[in-house]
Amino acid sequence: MALWPAWVEQLNAAGSPLHLETPLIQLAGSPEEAQRMKQLAAARPQSGVRFIADHLLQDTEPVWPHVGHGAMLSERDGRIDPLQLLKALRRGLNERNVALRATAVVELQRLSSSSSRWRIITADGGNEDVDLVVICSALGSTELLQSLGHQRPMDAVLGQVLELQLNEPPERWTAWPAVLTCGGINLIPHGKDRLWIGATLEPGTTANQAATETMKRLNDLAPAWLNDARVIGQWHGLRARPRERPAPLLEELEAGLLLASGHYRNGVLLTPATAEWVSNQIDHQMITSP
Ligand SMILES: Cc1cc2nc3c(=O)[nH]c(=O)nc-3n(C[C@H](O)[C@H](O)[C@H](O)COP(=O)(O)OP(=O)(O)OC[C@H]3O[C@@H](n4cnc5c(N)ncnc54)[C@H](O)[C@@H]3O)c2cc1C
């Protein structure tokens, strides 16, 4: 919450506009979760988080899925368009004359008798000697690290998202937050009558159609207008979940070798925090080994 607004301000430009759409509302799934939300709101009065009792939700937002335990509203949380973010980051890199190469790294070699520490060997047959490597290749990181003797296994967890066309958009659509979360599923309106719903959590790399149907029904809490909505788009991606370690993996594995990966479900959310960690590590390495 502290870093994102500053990032958006810095990255937002005419050719690659970037906005932080707020707020986020999370429906409580149980009385216990509602209690935790109340405690969080009470403990952090300055954070823009507050609890909304169920009867208030019922009065003001009758078209939302009704779980029955109230909700947490987080004024400063929300959503950033990830494709716009990538575009803005590319523009920023170009402006700083950073060379971008669209090729896979097939091997990393430790150098002992050269002024550089690492040799990067790429799929296009090229190689380059460098002082510092930051590995951030998600599921592709494991293999690169294995040949250097570092074991950081990660498992793929597939996520599917649906784009829905609403036959009868709910009234007062404008009252929807940027993101409404129900049972871990995000409902994100776009345009006047469309909605993204996501994402499934499916261990492995194969998408299962049944998982999207369960998700669309919202565990049988979906209102009629959502059940009637038509699927007009669908996509999936893989998340990298570290095995037997919490996500993400932010580590200095050895001098000049940083790992910043394994973000599992929160890689977009954690982008500025991860970048700050990497930047601090690089500064530290420059100071300790000029
Ligand atoms: C459906 C879905 C919904 C999600 N929703 C959210 C959300 O709401 N909020 C959130 O914060 N996160 C979300 N995530 C998770 C988020 O997308 C990831 O955490 C994030 O993309 C991780 O970023 P990354 O750059 O570490 O890895 P990736 O995005 O996986 O990128 C890794 C890159 O490394 C490249 N690569 C692999 N091997 C090599 C190699 N040997 N050499 C060179 N390049 C290599 C790959 O081609 C890829 O481009 C979602 C993920 C999915 C699938």
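**Exercise 1. The shell around the ligand**

Task: state which domains supply at least three residues each to the shell around the ligand, then describe the shell by class and by element.

Solution. 

Step 1. Domain 2 (101–153 + 244–288) and domain 3 (156–240) each contribute at least three residues to the shell around the ligand; the domain bounds come from an automatic or database domain assignment. The model is predicted: local features need pLDDT of at least 70, side-chain atom pairs count only at pLDDT 80 or more, and totals for chains, interfaces and linings use all residues. Residues are numbered from 1 along each chain as its sequence is written, and side-chain values use heavy atoms, with hydrogens and water left out.

Step 2. The ligand is surrounded by 20 residues, the closest being Val105, Arg265, Gly267, Val268 and Leu269. A residue is near a molecule if one of its heavy atoms lies within 4 Å of it.

Step 3. Sorted by class, the shell has 11 nonpolar, 7 polar and 2 charged residues. Here Ala, Val, Leu, Ile, Met, Phe, Trp, Tyr, Cys and Pro count as nonpolar, Asp, Glu, Lys and Arg as charged, and the others, Gly among them, as polar.

**Exercise 2. Polar contacts and burial**

Task: which backbone atoms lie by an oxygen atom of the ligand, for example that of Val268?

Solution. 

Step 1. The criterion for a polar contact is a pair of N or O atoms within 3.5 Å; within protein, one must be able to donate a hydrogen and the other to accept it, and residues adjacent in sequence count only if both atoms are side-chain atoms.

Step 2. A polar backbone atom of Val268 is 2.9 Å from an oxygen atom of the ligand. For a backbone N or O atom of Tyr264 the distance to a ligand oxygen is 3.0 Å, and for one of Asn266 it is 3.4 Å.

Step 3. The ligand taken alone exposes 1000 Å², of which the protein buries 59%. Accessible areas come from the Shrake-Rupley method with a 1.4 Å probe; for residues, only the protein chains shown count as cover.

Step 4. Strand 8 (154–165) and strand 13 (230–242) are the elements that give two or more residues to the shell. Strand 13 gives the most, with 4 residues. Helices (H or I, at least four residues) and strands (E, at least two) are DSSP runs, numbered from the N terminus.

**Exercise 3. Strand pairing**

Task: in what order do the 3 strands of the open sheet stand, and which residue is the bridge partner of Val105?

Solution. 

Step 1. The order is 4-5-6, with antiparallel pairing. Two strands pair if DSSP finds at least two bridges between them.

Step 2. Strand 4 (105–110) and strand 6 (127–130) are the edge strands, each pairing on one side only.

Step 3. Strand 4 is joined to strand 5 (residues 118–122) by 5 bridges. Val105 has Thr122 of strand 5 as its bridge partner; Val105 is also among the closest residues to the ligand.

Step 4. Elsewhere, strand 1 (residues 24–27) runs antiparallel to strand 3 (residues 71–74), with 4 bridges, and Gln26 stands opposite Met72. Strand 1 runs parallel to strand 9 (residues 179–182), also with 4 bridges, and Leu27 stands opposite Cys182.

**Exercise 4. Backbone exceptions**

Solution. 

Step 1. Most residues other than glycine have a negative phi, and most peptide bonds are trans.

Step 2. Gly198 and Ala199 are joined by a cis peptide bond with omega about 5°. Ala199 is in the loop between strand 11 (194–198) and strand 12 (202–203).

Step 3. Ala247 and Pro248 are joined by a cis peptide bond with omega about -5°. Pro248 is in the loop between strand 13 and strand 14 (249–254).
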